[in-house]
Amino acid sequence: MKALRKIIDKVKPNFEKGGRFPWLHSVFDGFETFLYVPNTVTKSGCHVRDAIDMKRGMIAVVIALTPALLFGMYNVGFQHFKAIGAIATFWEVFLYGLWAVLPLIVVSYGVGLGIEFCVAQIRGHEINEGFLVTGLLIPMIVPVDVPLWMVAVATAFAVIIGKEIFGGSGMNIVNPALLARAFLFFAYPLKMSGNEVWIRIGEGAHAVDGFSGATPLGDALVGDFDKLHASWSISDMIFGFVPGSIGETSFLAIMLGAALLLFTGMVSWKIMLSVFAGGFATGLLFNQIGANDFMLLPAWEHLLLGGFAFGAVFMATDPVSSTQTEKGKYIYGALIGILAILIRVLNPAYPEGMMLAILLMNVFAPLIDYLVVRQNINRRLKRVNK
């Protein structure tokens, strides 16, 4: 590492004022601070000492996403060979999924970071670190068969409209990755829903007779619980051997990531727990009502289906777009869980209600915090005036 440090120190003057490429200072600074902890300190406002900077925090989230990503790659290959009725080795399955998922990641990072670099150069400030996570989240929450150009357009929309227009990382009011998925869902619905988008068959291959490609959530939506439980066991849904978005199928892999995030303190356990509690309670309530077939789905199975677990762990807990007050975190999380099941069960057009629930509560997060703070102020005023 000393040799790398010497190389960086040698070329660094070229990117500073008076050097050959001062206009590329933001790009060089981004790469340098990605490799090494910055040696700069705050010059105004609050001074906080901490052992970790934002880039290291984002890397921790990327590491937490890795189990779900790696399993998602394997599951893409697993579903492919299952669909065509072929037998393959572990590495054949994984490598097929790797080559299917890797282009999505490359496009997401390429487009997103390209925009981030350009904006940083134009504004003359440091490159935002937030896209380290967003660039990985976007490919993980889309179907594997989505065209690459759509991923590029959605990523550009999310970065420009969801982040940069508000001032960059830390200033966005909604989760950029979910905004990209919402853009794809409403702009290109045929590529984001149905039974054909979740399995990559591949050129020259054909699915076996009787193969539908439907997800467990799709079967539950139409009340076909016999087919749901005949096609996939509970262990399949826990481990993730089911069709779905790349990173959202494995409940176990997601929980491994959740454990790391909670251990490192990168997210709020209050939000995470409240989302699951709100979703489970709403599922139990619908079980008692039973007005349609979907309401009869066991409440705990709602937590395993679709993107509920992934959203609760990696999306709802986004520290920028979520609530900041301690009481507000419970309210925010519970409302996300409640709304996700409400949308899923009561509106067949949007079976994946988690996306819309989180985006809606992102918008209301500041209001929740305001009401919580206002309540605390009023309570103290009453105590003083007694």
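**Aromatic pairs in the predicted model**

Colleague: How accessible is Y330?

Modeller: Y330 has a relative accessible area of 35%, so it is partly exposed (between the limits for buried, under 20%, and exposed, over 50%, with a 1.4 Å probe and protein chains only).

Colleague: What are these values based on?

Modeller: This is a predicted model, in which local features need pLDDT of at least 70 and side-chain atom pairs count only at pLDDT 80 or more, while totals for chains, interfaces and linings use all residues. Residues are numbered from 1 along each chain as its sequence is written, and side-chain values use heavy atoms, leaving out hydrogens and water.

Colleague: How many aromatic pairs are there?

Modeller: There are 19, a pair being Phe, Tyr or Trp rings (for Trp, the six-membered ring) with centres within 6.5 Å. In one of them, the planes of F71 and F241 stand at 70° with ring centres 5.2 Å apart, so the pair is edge-to-face (planes over 60 degrees apart).

Colleague: Where do F71 and F241 sit?

Modeller: F71 belongs to helix α3 (residues 54–84) and F241 to the loop between α10 (234–239) and α11 (251–264), 170 residues apart. Helices here are DSSP runs of H or I, at least four residues long.

Colleague: Which residues form the cluster with F71?

Modeller: F71, Y74, F78, F90, W91, F94 and F241 form one aromatic cluster.

Technical notes
Phe/Tyr/Trp six-rings, centres within 6.5 Å; stacked < 30°, edge-to-face > 60°. Helix = DSSP H or I, 4+ residues; strand = E, 2+ residues; numbered from the N terminus.
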